[in-house]
Amino acid sequence: MQLDWSLITALVERWRPETHTFHLPTGEATITLEDVQVLYGQRVDRRAVALPQYIRSMMRGQYLDMMGQYTGYTPQGGAVQRGGSRVALSAIRDHMAFLHPDITDKMEDLHVERYTRLALLLLFRGILFPNTSGSLVSMRFLHHLQQLDDLPLYNWGAAVLAYPYRSMCRASMLFQVDIHGFLPLLQVLAWQRIMPLQPPLPPLASGEAYSFLPLASRWVLRRGNYRETDAHHNLPLVRDVLDMLVAGQVADGPTTYSSDPAKCSVDAAAHPHIKRQLDNDDPDSVPERQGM
């Protein structure tokens, strides 16, 4: 997915770290766990994604031993950087390319699991938890990859959401220039909620329907569809659009994810977790604050 940095920049300019909300002419709006779940299908409950202290205090040799144990690959030389806890993504890709021809359905589970952990390290740093360097991944992630069957037991949605939250706060306070995190979440959220910024979706073929969940697929899979719209990579225009927003042009969470088919394509009744959140959501409890 190609990121529209003008759109992201304009949103970050309106982010206020004191309230963790975007300040818009129509009121305050924010990103919620519900957005992470409905847009991208990430879990927003279960175990917290946290590192025990002994993992944080490990030395270079211990990280390399853990890497070798769980992936069968021990980085050498310049592939290990930043105090010994991070390894270059290029080194992992090269090793995976070397292994790829041998990965078949007849391969032992041990080797398939090791290859899977390497692929997940690329996914974590390259997509879900990218940093400003973009070329290094922390071997600390291996703590959560020891038992692959336990991956669904973690609250990955909250972890994915926390990254851009922290980055937007630091950027808005001028502590950093670049912003990182799972930025497709921010971009798709703006498309889903801010009507004047929505790129047109191409007409569906006869008998075809948009995927039910996650909702982001209807935007992400229509590649190139956004390039012809005026707002693409046009920061002044995006700023003007946000400045001139009026009531009714920003959809709030309860409206967008309502169980009412006339209001949204998401059937909350079919998804108990979403329904519980909607049932407990009192729109009058926080005036003029919208889940964006």
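**Briefing: salt bridges, pocket and core of a predicted model**

The structure holds three salt bridges, a salt bridge being a side-chain nitrogen of Lys or Arg within 4 Å of a carboxyl oxygen of Asp or Glu. This is a predicted model, in which local features need pLDDT of at least 70 and side-chain atom pairs count only at pLDDT 80 or more, while totals for chains, interfaces and linings use all residues. Residues are numbered from 1 along each chain as its sequence is written, and side-chain values use heavy atoms, with hydrogens and water left out.

**The chain as a whole**

- The chain has twelve helices and seven strands, which are DSSP runs numbered from the N terminus (helices are H or I with at least four residues, strands are E with at least two).
- Of the 292 residues in the chain, 44% are buried, where buried means under 20% relative accessible area, exposed means over 50%, and partly exposed lies in between (1.4 Å probe, protein chains only).
- Among the contacts in the chain with a separation of 6 or more, 70% come from residues 24 or more positions apart, a contact meaning heavy atoms within 4.5 Å.

**Salt bridges**

- Arg239 and Glu13 meet through their side chains in a salt bridge of 2.5 Å, N to O. Because Arg239 lies in helix H10 (residues 235-243) and Glu13 in helix H1 (residues 5-13), this pair ties together parts that are 226 residues apart in sequence.
- Arg239 is partly exposed, with a relative accessible area of 34%, and Glu13 also counts as partly exposed, at 37% relative accessibility.
- A salt bridge also joins Arg14 to Asp243, with 2.2 Å between the closest N and O atoms. Arg14 lies in the loop between H1 and strand S1 (15-16) and Asp243 in helix H10, so the pair ties together parts that are 229 residues apart in sequence.
- Arg14 is buried, with a relative accessible area of 17%, whereas Asp243 is partly exposed at 46%.
- The side chains of Asp35 and Arg193 form a salt bridge of 2.5 Å, N to O. Asp35 lies in helix H2 (residues 33-40) and Arg193 in helix H8 (residues 183-193), so the pair ties together parts that are 158 residues apart in sequence. Both Asp35 and Arg193 are buried.

- H2 is mostly covered, since six of its eight residues are buried, namely Glu34, Asp35, Val36, Val38, Leu39 and Tyr40.
- Val38 lies in this helix and counts as buried at 1% relative accessibility. The C-alpha atom of Val38 is separated by 6.3 Å from that of Leu215, although the two residues are 177 residues apart along the chain.
- Just after H2, Gly41 takes a positive phi of about 75 degrees.

**Largest pocket**

- About 680 Å³ of space lies in the largest pocket, and Leu51, Arg125, Arg140, Phe141 and Tyr163 are the closest to its centre of the 23 residues that line it.
- On a 1 Å grid over the protein atoms alone, a pocket is an open set of points with protein on both sides within 12 Å along at least five of seven lines, and lining residues have an atom within 4 Å of a point. Grid points are joined across faces, edges and corners, and the volume is the space filled by probe spheres set on the points.
- Helix H7 (residues 156-172) gives the most to the lining of the largest pocket, with six residues.
- The lining has nine nonpolar, eight polar and six charged residues, where Ala, Val, Leu, Ile, Met, Phe, Trp, Tyr, Cys and Pro count as nonpolar, Asp, Glu, Lys and Arg as charged, and the others, Gly among them, as polar.

**Largest nonpolar core**

- The largest nonpolar core has 75 residues, of which Ile31, Met67, Ile92 and Leu242 touch the most other members, and H7 gives the most to this core, with eight residues.
- A nonpolar core is a set of buried Ala, Val, Leu, Ile, Met, Phe, Trp, Tyr and Cys residues joined through side-chain atoms within 4.5 Å.

- Most residues other than glycine have a negative phi.
- His20 has a positive phi near 55 degrees; His20 is placed in the loop between S1 and strand S2 (21-24) and counts as partly exposed at 32% relative accessibility.
- Arg46 has a positive phi near 80 degrees; Arg46 is found in the loop between H2 and helix H3 (53-56) and counts as partly exposed at 49% relative accessibility.

Conventions
1 Å grid on protein atoms, 1.4 Å probe; cavity = no way out; pocket = protein on both sides within 12 Å on 5 of 7 lines; lining within 4 Å.
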